[in-house]
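Let's take a friendly walk through a protein model. Have a look at the sequence and the 3D view below, and then we will go through some of the contacts together.

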Amino acid sequence: MGIFIALLQVYSNRFIAAVAFAWEWFFRGVPALVLLFLFFFGTAQFGLELDAFTAAVLALGFRSSGYQSQIFRGAIQSIPEGQMLAARSIGLSRWQAIFHVVLPQALRLAIPAWSNEFSSVIKDTTLAYAIGVNEVLRHARYIMVRHYDLAMLAYITVALIFLGLTYGGNWLLGLLERRVAIPGFQMKGVRGRSVIAR
Amino acid sequence: MVSRSEAILIVEDLHKRYGREEVLRGISFEVRRGETKVIIGPSGTGKSTLLRCINRLTPPDSGRVWLDGVEVTHPKTDINKIRAQIGFVFQDFNLFTHLTALDNVRLGLLKVKRLDKKRATEIALRELARVGLADKARAYPAELSGGQQQRVSIARALAMNPKVILFDEPTSALDPELIGEVLEVMIKLAREGMTMVVVSHEMGFARSVADEIIFMEKGVIVEQGPPEQLFVAPKHPRTAEFLRKITELYGEAG
């Protein structure tokens, strides 16, 4: 969805782009907790009964789409204009050029920043606690209420779960980054060794 | 008109303005099938803009362009179809950096001409061989020298079997020792009868290959004619002055 919004921001007409920018502005500007309350309690007041889980998914998903659109817009705009010109010059349509030429390059550049956003979103799910979603933190609390002496253990377990999730996710993305790497395209030298350190 | 029937590319009274500056002020010329036209002139006189207006990478403000009887500038013309018939070679190559040489040449065949993969690969390999890079099909642009990249981009244009190829200063971004290999390919194409419009400062190329040279300055064509006329007996004093300067700069044309 972030990619979609970024595409609208960069390539659509001024009106649609303005809507996409407004979307991004709203969901990046409002605190996550406020968004959760808006989507859960706010919508309920107008008769739109979202269950807590749906409200949380929408609020956090839309919020992340705002952040991701920034990541992808930056990546798309970093692809030189000449790539688009060359693509159009052989007769590709605008959308063909975007999908076959611009995006394959932009998405590769976006992976590191995107893995950052992935970590944030995973951790932000704990905020859904506030509207009563049965997420990890709530389970820890159930345990703690019944056995107070397990409090430390329960929360350490929560921490470990998130460490595991973010590590696993980022490892997969790192793997992906190396799999799709193109000779001379990525902006890094020999893996793990910077020029300065040598 | 008789000339119109044999001309494959007709440019008529093109105008283009960027803000206050009028870059093209009424450019007209014709290119016959198999002809090589070289456009020369000081930088900033609209030569690149002119090429881009021909296939509408830059939309002209007014004026018309015909390719083989079809009006390129007509609003109802399917511009993607037309562009597939006009090769374009850029100054800085603009190869698709995420694709191998083979895939660069093959992309248009697969996505624009919708050929099957086997046929597209055959054509792409044939065109790579034509520019002398059959052994580099699997290389990515970053693994190629500038001269090799430019040759791949010529192969990319050739693969579409274009009616004309537009070259926008194809050797200006190259190290001197790499210019030769690109010019060689272009000379070969010209001799094989490819229709070409070349913006270039390579006077040697212009003199030996061009059927006609167009000297452009400040958005208008100052003089056009066969190389002997412009080099030996230019009609316009500005042409003589420019050619003298450029010869001093680049050395005697070979």
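A salt bridge is a side-chain nitrogen of Lys or Arg within 4 Å of a carboxyl oxygen of Asp or Glu. Keep in mind as you read that this is a predicted model. With that said, which residue does Arg32(B) meet in a salt bridge? The partner is Glu6(B), and the N to O distance between the two side chains is 3.9 Å. Over all chains, the structure holds 21 salt bridges.

Now turn to the place where the two chains come together. How many salt bridges are there between chain B and chain A? The count is 0. The chains do touch, though: 24 residues of chain B are in contact with 21 residues of chain A. About 2,000 Å² of area is buried between chain B and chain A, and carbon and sulfur atoms give 64% of that area.

Next, let's see how helices pack. Two packed helices are described by the angle between their axes and the distance between those axes. Start with helix α6 (residues 146–159) and helix α7 (residues 176–191), both of chain B, which pack at an angle of about 20° with their axes 8 Å apart. Angles under 35 degrees count as roughly parallel, so α6(B) is roughly parallel to α7(B). Their crossing is right-handed. On the α6(B) side, the residues making the contact include Ile154(B) and Leu158(B), and on the α7(B) side they include Val182(B), Val185(B) and Leu189(B). Sorted by class, the contact of α6(B) with α7(B) has 7 nonpolar, 4 polar and 2 charged residues.

Helix α6(B) has another neighbor to explore. Helix α5 (residues 117–130) of chain B packs against α6(B) at an angle of about 135°, with the axes 9 Å apart. The two helices, α5(B) and α6(B), are therefore oblique to each other. The crossing of α5(B) and α6(B) is right-handed. Here Ile123(B), Glu127(B), Leu128(B) and Arg130(B) of α5(B) meet Val152(B), Ala155(B), Leu158(B) and Ala159(B) of α6(B). By class, this contact of α5(B) with α6(B) has 6 nonpolar, no polar and 2 charged residues. Look for Leu158(B) in your view: this residue takes part in the contact with α7(B) and also in the contact with α5(B).

Technical notes
Residues numbered from 1 in each chain as written. Chains lettered and ligands numbered in written order. Predicted model: local features only at pLDDT ≥ 70, side-chain atom pairs only at ≥ 80, totals over all residues. Heavy atoms only, no water. Axes fitted to C-alpha atoms, helices over the stretch in contact; angles between N-to-C directions. Helix = DSSP H or I, 4+ residues; strand = E, 2+ residues; numbered from the N terminus. Parallel < 35°, antiparallel > 145°, perpendicular 65-115°, else oblique. Left-handed = near helix turned anticlockwise from the far one by under 90°. Contact = heavy atoms within 4.5 Å. Nonpolar A, V, L, I, M, F, W, Y, C, P; charged D, E, K, R; others polar. Buried area = accessible area lost by both parts, 1.4 Å probe.
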